Each structure stands twice: as C-alpha cells, then as structure tokens.
Amino acid sequence: MLDLKQDYFALFGLPVSFAIDMTRLEQAYLDIQARVHPDRFAHMPDTDKRLSMQWATHANEAFRTLKTPLARGQYLLEMQGVDPAFETNTAMSPDFLMEQMEWREALGEAREAADEDTLEELAQRLRASSRDLIARLAVALDEHKDLAVAADTVRRLKFLEKLQHEINDALTALES
Amino acid sequence: MALLQISEPGMSTEPHQHRLAVGIDLGTTNSLVATVRNGVPQCLQDDEGKTLLPSVVHYLPDGHIAVGRKAQAALAIDPRNTIASVKRFMGRGLKDVSHVETMPYDFVDAEGMVRLRTVQGVKSPVEVSAEILRDLRIRAERSLGGELTGVVITVPAYFDDAQRQATKDAARLAGLNVLRLLNEPTAAAIAYGLENASEGVYAVYDLGGGTFDISILRLSRGVFEVVATNGDASLGGDDFDHRLFCWMLENASISLPSDRDSRRLLIKAREVKERLTLDESVPVRMTLESGDEVDLVVHRDVFVDITRNLVSKTLKPVRKALRDAGLEPADVKGVVMVGGATRMPHVQQMVGEFFGQPPLTNLDPDTVVAIGAAMQANVLAGNRAAEEEWLLLDVIPLSLGIETMGGLVEKIIPRNATIPTARAQDFTTFKDGQTAMVCHVVQGERELVSACRSLARFELRGIPPMVAGAARIRVTFQVDADGLLSVSAREQGTGVEARVEVKPSYGLADHEIADMLKSGFEHARDDMEVRSLKEQQVEAERVLEATERALLADSGLLDAAERAALDSAMAALRDAAAGQDVRTIKIQLESFNRASNEFASRRMDKSIRGALAGHKIEDLRI
C-alpha cells in the first residue's frame with residue numbers, strides 16, 4: 001500500500017538521483033494532483049476530503065523538494081542519513097567565508113546607495129556561482145557518492161540562497 | 001429511433017441528478033451570482049432582469065433590511081444606516097481602513113474587526129456581507145427552482161487569512177455551503193482560458209472597487225497553475241472616486257461637507273469617473289444641502305493627472321509578482337483585464353505600456369469572475385465527469401510565520417507556496433524550567449512582527465521543565481485549499497499538544513457566529529433546530545450516495561467481511577438519517593466516517609497507482 005512516508009522519488013516513479021528529468025517530474029506531479037486534489041473531493045464525505053488534503057499536501061511538498069536543486073540535494077543527503085545541519089556546522093573553508101563577507105559588504109553598500117545596477121550585477125554573479133556549485137553537487141552525489149563534499153556544497157548553496165533573498169528584498173524595497 | 005444507452009458497470013459517473021451549484025462574486029461595489037445551466041455558464045438575473053446587485057445594505061428603523069438598488073437609493077438620504085463597500089472592512093480593524101474620516105458611518109472599534117452602529121444595532125461587516133449573500137441565494141434558488149447544494153465564493157487573491165475567514169463566516173451566516181473560496185483572478189483565468197483555449201503564461205490584472213490583484217498563471221490544456229500572485233487589498237476604483245471627490249471639494253472651495261453632502265459628492269464623483277471613460281469632459285452642477293454651489297467641468301486630462309499615481313501604485317505589485325515568478329514582462333503572452341475599474345482608458349494604456357502589448361479586453365470585466373466561479377462550482381459539485389475536469393493549482397498570497405524572540409518573524413510557509421500545503425518547524429524554550437510557550441501566528445512579508453498582521457495567539461502548556469533549549473516544540477502550519485490556516489504545536493518528547501483554527505484576533509469567535517445565526521433565524525421566524533436536522537440529513541445522504549458510487553466502481557478493494565462491516569455501517573447511518581434526532585445522525589456520521597476510512601484510503605491508493613501507470617493528464621478533455 002502507498003503511504004505518505006514513501007520517498008518523494010518513489011511517489012513520482014522516478015529513479016533516486018540528483019540528476020532529474022524535469023519533464024517527467026512535472027508530468028508525474030500533475031498526474032497525481034489531478035487525482036488527489038481537494039477540488040476532486042469537494043462533494044465527497046469528510047473522510048475522502050481529509051485524505052485528499054493529506055495527499056495533495058504531500059504531493060506539493062514532494063514536488064517543491066525535487067524541483068529545486070538545493071532542496072533536492074538536501075533531501076538526498078537526508079535520505080542517506082546525513083544532516084547538512086546548516087545552523088550548527090559552519091566549518092566552511094576560509095576562502096568561501098571570505099568571499100561571503102565580501103559579497104555581504106557589497107550588498108550592504110549597494111543597498112545603502114540604492115544602487116539598483118550593482119544589486120542586479122550581484123544577483124547575476126550569485127546565480128553563476130550557484131550554477132557551479134549545483135554542478136559540483138551533481139558530481140558529488142551521483143558519481144563520486146561523496147557525501148561529505150555534497151553536504152559541504154549544500155551548505156554553501158544555502159548561504160548563497162540567503163544572500164539571493166536579501167538581494168531580492170533590497171531590490172523590492174527600492175521599488176516601493 | 002435512437003437506442004437507449006446503458007453505461008458500463010462502474011463507469012456511470014453521476015447516477016443522480018444535476019446538483020444545484022452557483023458561483024458568487026462578492027464584490028466591493030457590485031455582487032453577482034452565476035451558474036452553469038445545460039453546460040452554459042450564465043449570470044442569474046433578479047426580478048427586474050438585472051444581474052449586478054449593488055453591494056449596499058440599508059438598515060431601516062422598522063427592522064427591515066434593504067439590499068441592492070433599493071439600498072443604493074438610500075445612500076444619500078440615510079448615510080449612517082446604509083452600508084456600501086463593506087468588503088473593505090472584512091477582517092479589518094478600524095486602523096487598517098483608509099479614508100474613515102470621509103465615511104459617514106458610526107464606527108465601533110471592537111477588538112478584532114471593526115463594527116458599525118446602525119439603527120438596528122451594532123453590525124459586524126460579516127453580518128452586512130451575509131445580507132448580500134442571502135439576497136443572492138434567494139435569487140439563485142428562485143431562478144433554479146431548488147435549494148443550493150453548494151457555492152463557490154470569490155475573494156481577492158491578496159486577501160489574508162482574516163479576510164478569507166470573515167468571508168466564509170458570512171456565507172455560513174447566509175445559510176450557504178461553501179465548496180471553495182476561489183481567488184478572483186483565478187476565477188477570471190478559468191473563464192478566459194476555457195473560452196479561448198489559451199496556453200502559455202498569462203497575467204490577470206484585476207482592479208475592483210476596493211481591491212487590486214495581479215496573478216501570473218501558466219495555462220496548459222487541462223491545467224491552471226498560479227505561479228505568483230500579489231496585490232493591494234485596499235486599492236481600487238473607490239480610491240479613484242475619492243481623488244476626484246477631493247479635487248471637487250478643493251475646486252468648489254468646500255471645506256467640511258455634511259455626511260449627506262459627502263455621500264452625494266462621492267456618488268457624483270463615481271458617475272463622473274464612469275462618464276470620462278467615453279467623454280473628454282463632464283460638467284458637474286449641484287447645490288448642496290449646505291447651500292454651497294458646485295459648478296465645475298472635469299476634463300479627462302485632469303482626472304488622469306490626479307489618479308495616475310494610483311495606477312502606478314498597481315504596477316509595483318505587478319513587478320513583485322513577476323520577480324517571484326522569475327519572469328519578465330515580455331514572457332507574458334496575454335494580460336487579462338478584470339474589474340470595472342479597468343475600463344478607465346489610462347489604466348489600460350499604462351498596463352499596456354508596462355507589458356509592451358495591448359491588454360485583453362474582449363470579455364466583460366464585471367461578470368467574468370462570477371462566470372469562472374460558476375464553472376468551478378459546477379466541477380466541485382461533481383456535475384462533470386472526472387475526465388472532463390480541469391486541475392487548478394493556486395497559491396497562498398502572503399507568507400505565514402511565527403513570532404520569535406525580539407519581535408522577529410520566522411517564516412514557516414513562504415508566499416506563493418502551492419496550496420494545500422503544510423510545513424513544520426521546531427522551536428525551543430528560552431528559559432530553564434519554562435513550562436509554557438506562546439505561539440503568535442502572523443501573516444505578511446516584513447521581518448518585524450509589528451509590521452505583519454496578527455492572526456492568532458495560543459499557548460502550549462505542560463511542557464516538562466528542562467534546561468533552556470532542550471525542549472523540542474514542533475509547530476505545524478497547514479493551509480487548506482481555501483487558503484485558510486490551522487496551526488498545531490506539539491512537544492516532541494512528551495507529546496503535549498495544542499491545536500488552533502486560526503480565528504481569534506481578527507475573525508469572529510465561534511460563539512459570536514452562533515449568536516448571529518440564532519438571532520438571524522429568530523428574525524426570519526425560521527427554526528434553527530429544523531435547519532440543523534435538515535443539514536445533517538443532507539450530509540448523511542451525500543455520504544451514502546458517494547459511498548454507493550464508490551462501491552459500484554471499487555467493491556473489489558474490500559473482502560467479504562470488510563464489505564459486510566461497511567454495509568452495516570451504511571444501514572445504521574441510513575436508519576439514523578430517517579429519524580428526527582440530530583445528535584444520533586451526527587454520531588452515526590462520525591462512526592461511519594471511521595468505518596469507511598480504510599476503504600477511502602485504498603481507493604485513493606488505487607487512483608494514485610493509476611496515475612503512475614500512465615493515465616496521463618493529456619488525456620483529460622476539457
């Protein structure tokens with residue numbers, strides 16, 4: 001019997017791997033939602049409505065997790081018993097931390113100066129950097145099966161994601 | 001002669017008759033009700049052949065309540081007891097409402113939602129809205145010739161939890177079974193998308209009387225997927241009227257008009273605004289009760305000048321929504337215009353300039369939301385075969401979070417998450433030996449609690465005393481398909497649990513609703529007991545019917561013993577429903593739900609396996 005505890009890859013009938021066929025993932029997600037979504041059960045008894053909400057919630061969470069590289073990488077690590085522990089384990093390479101500090105300074109200055117161009121440029125550099133890390137994560141997880149490198153890469157990506165959010169917030173603040 | 005058709009066993013989709021379901025657009029200025037009749041969606045008319053019901057409620061001294069045009073006629077005569085644009089007050093405190101100083105009402109700043117003192121006593125916006133909904137319900141039941149099974153009510157996409165809950169409460173008060181709260185731009189997208197077989201990324205720009213929404217959707221065959229939504233829940237056509245009203249006061253040198261004069265000038269302002277859509281200039285001549293003379297000519301250029309920044313104000317949420325969707329204006333294939341306020345030429349022009357293409361105005365901006373809601377209600381009521389349905393994936397408009405130390409917000413569910421959704425986060429204690437914890441639930445995008453909307457506060461007690469930071473309290477947020485939140489908290493070690501439906505701070509407490517229901521029924525000389533018995537009987541019937549249908553298709557999922565148990569549970573429920581005791585029916589319904597749980601799980605399971613076995617969504621016909 002299917003249950004809400006099965007892994008997200010199995011839910012969508014996909015192989016467990018970081019490399020993912022996005023078209024198949026989307027198709028499987030829509031196929032499942034088409035069957036479990038609460039709109040299908042609005043005229044049904046409460047039992048069915050409750051089950052439907054649980055499954056639709058589960059499918060949404062599963063899709064969100066597998067869709068984004070960072071969440072997918074983190075999930076694969078958790079499946080293998082590794083907790084990337086963003087909050088506690090901050091033993092990152094000094095180079096990376098130095099780069100982070102530089103970026104934060106640049107962000108602070110651009111925000112202060114309301115410099116939209118610099119913010120956009122920062123966002124672009126950040127995206128390029130994220131792409132490199134995602135490629136590294138793919139190799140670490142799918143080819144080398146090196147969980148330590150994968151966990152380190154996931155932590156770095158998490159840093160970049162936070163920074164990306166802050167840049168977006170700064171850009172949004174400039175608009176309003 | 002045509003042969004009679006007999007369906008394959010288990011394939012007949014609806015053995016029972018067409019269920020009466022309607023869509024209601026509960027608007028700031030006007031409200032409408034629509035349904036799908038013989039496969040054709042249409043707005044229902046009142047006795048005079050009108051579809052638009054002005055969202056105005058007049059409380060008379062003799063206890064009568066007038067709704068619609070009759071009430072509208074009283075706006076300038078009895079302003080204090082004639083409530084217009086009540087939607088602006090839904091789920092809102094007095095401090096959240098703009099322009100209160102020019103409103104002729106006697107506000108009561110109650111805790112939570114603002115109230116209005118009328119000749120018939122203090123009224124909550126929920127009660128006022130319920131009058132509008134009741135009027136539409138009666139119109140629909142007369143027109144369709146029977147009681148409604150369920151309704152879809154539309155709300156602005158940018159409505160927060162308190163505003164959604166208030167809308168649902170109003171429906172309950174009006175005796176309506178809400179199948180779903182549907183976001184207005186999404187409803188418009190359904191109507192537009194199905195009509196035009198649209199595919200690709202579309203933006204719905206919805207400027208109503210009091211609210212602005214922008215939704216970015218990805219449409220493909222059989223799927224409506226909202227990618228991002230944004231808006232301003234207190235910006236709409238009313239604000240354009242208000243600008244013009246202020247301009248008229250200034251240019252006619254009137255300082256402090258009376259309530260009645262204010263109302264007349266506001267009504268005039270709206271009229272002028274509407275006429276300026278076609279005319280280049282409109283003369284305004286009126287004598288006020290104060291004796292002041294107004295003799296002005298409003299040119300369209302002037303009107304555009306004084307309201308241009310209101311249109312600019314709508315473009316900010318548009319930019320934010322596009323950013324959240326990761327899209328550029330050029331990625332948008334078409335811009336659907338919704339809401340009466342989008343008739344203003346400068347709105348169309350500025351939106352067109354922003355997107356680099358003329359917006360789509362080939363549908364009636366007043367009725368499209370109600371039509372879309374009616375189509376969705378028809379699906380939700382089960383009137384269409386499963387393979388003819390479409391899939392609608394909507395999102396939550398504003399982030400939901402919890403207050404942490406220092407008045408900061410920890411976001412638990414981010415905006416634009418696809419609903420239904422649930423997220424959990426672990427928190428811990430701050431002090432040694434701390435045994436209780438307050439959870440303060442907020443909604444909004446800001447980092448400070450004080451800048452977000454407070455939704456609820458609840459306490460988790462009975463945490464075992466431990467050193468600070470040792471307890472693990474998991475707080476779970478669940479948002480349902482209506483966009484409504486419920487929150488639970490649980491100490492992981494001991495299992496101490498607290499659960500709340502989010503209502504207290506800005507909604508109405510349950511007992512308040514119960515009191516209103518009671519007084520409402522007394523007023524209508526209806527019997528609440530009878531009503532409640534009937535509701536339970538209808539529910540029992542619905543459950544039995546659905547189960548019978550399920551057994552027809554999936555009886556193979558049960559072995560003989562299980563089947564016998566389910567049959568006897570059905571028989572017990574049938575017996576109870578035939579009786580007159582509400583409590584017995586309730587108890588039987590609950591025990592039936594327990595008995596059928598396993599069967600329901602297996603059917604869901606089978607259905608999901610079917611999805612994986614390759615019944616693809618491309619097969620869905622719409």
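Predicted model: local features only at pLDDT ≥ 70, side-chain atom pairs only at ≥ 80, totals over all residues.
View 1. Look for the loop that runs between β21 (408-413) and β22 (421-427) of chain B, because that is where P420(B) has its place, given how strands are counted. I419(B) and P420(B) are joined by a cis peptide bond, with omega at about 0°. For background, most peptide bonds are trans.

**View 2. Two residues other than glycine have a positive phi.** In chain A, the one to find is A114(A), in the loop between α5 (94-112) and α6 (116-143). Its phi is near 50°, and A114(A) is partly exposed, with a relative accessible area of 43%. In chain B, go to the loop between α5 and α6 (259-275) and pick out S253(B). S253(B) also has a positive phi, near 50°, and at 65% relative accessibility S253(B) counts as exposed. As a rule, most residues other than glycine have a negative phi.

**View 3. Here is the largest nonpolar core.** There are 56 residues in this core, and F12(A), I32(A) and I167(A) touch the most other members. Which helix gives the most to this core? That would be α7 (residues 147-175) of chain A, with nine residues. Now zoom in on I167(A): setting aside neighbours within four places in sequence, I167(A) is in contact with L107(A), L119(A), L122(A), A123(A) and L126(A). There is also a second, separate core of 48 residues, and its members include V201(B), L322(B), A325(B) and V351(B).

View 4. The UniProt record, in an unreviewed entry, lists residues 92-168 of chain A as "domain: Co-chaperone HscB C-terminal oligomerisation". The domain assignment of chain A, for its part, gives domain 1 (8-67) and domain 2 (94-175). The C-alpha centres of these two domains of chain A lie 30 Å apart.

**View 5. Chain B comes in four assigned domains.** What are their bounds? The assignment gives domain 1 (21-197 + 362-388), domain 2 (237-305), domain 3 (400-508) and domain 4 (527-612). From domain 2 of chain B to domain 4 of chain B, the C-alpha centres are 60 Å apart.

**View 6. Helix α8 of chain B has a set of buried residues.** Along α8 (residues 345-355) of chain B, the buried ones are H346(B), V347(B), M350(B), V351(B), G352(B), F354(B) and F355(B). What do they pack against? Their partners are β13 (200-207), α5 (237-251), α7 (300-325) and β18 (334-338) of chain B.

View 7. L133(B) is found in helix α2 (residues 125-144) of chain B. Is L133(B) buried or exposed? L133(B) is buried, because its relative accessible area is 0% and the cut-off is under 20%. Leaving out neighbours within four places in sequence, L133(B) is in contact with I24(B), L26(B), I153(B), A170(B), A171(B), A174(B) and L176(B). L133(B) and S31(B) are 102 residues apart along the chain, yet their C-alpha atoms are separated by 8.5 Å.

View 8. Over in chain A, Y8(A), F9(A) and Y75(A) form one aromatic cluster. Also look at R72(A), whose charged end sits over the ring of F18(A), 4.5 Å from its centre. In chain B, the charged end of R603(B) sits over the ring of F599(B), 4.7 Å from its centre.

Definitions and conventions: Residues numbered from 1 in each chain as written. Chains lettered and ligands numbered in written order. Heavy atoms only, no water. Core = buried A, V, L, I, M, F, W, Y, C linked by side-chain atoms within 4.5 Å. Buried < 20%, exposed > 50% of the residue type's maximum accessible area, 1.4 Å probe, protein only. Helix = DSSP H or I, 4+ residues; strand = E, 2+ residues; numbered from the N terminus. Contact = heavy atoms within 4.5 Å. UniProt positions renumbered as here; feature names shortened; annotations may be inferred. Domains from an automatic or database assignment. Phe/Tyr/Trp six-rings, centres within 6.5 Å; stacked < 30°, edge-to-face > 60°. Lys NZ or Arg CZ within 6 Å of the ring centre and 35° of its normal.
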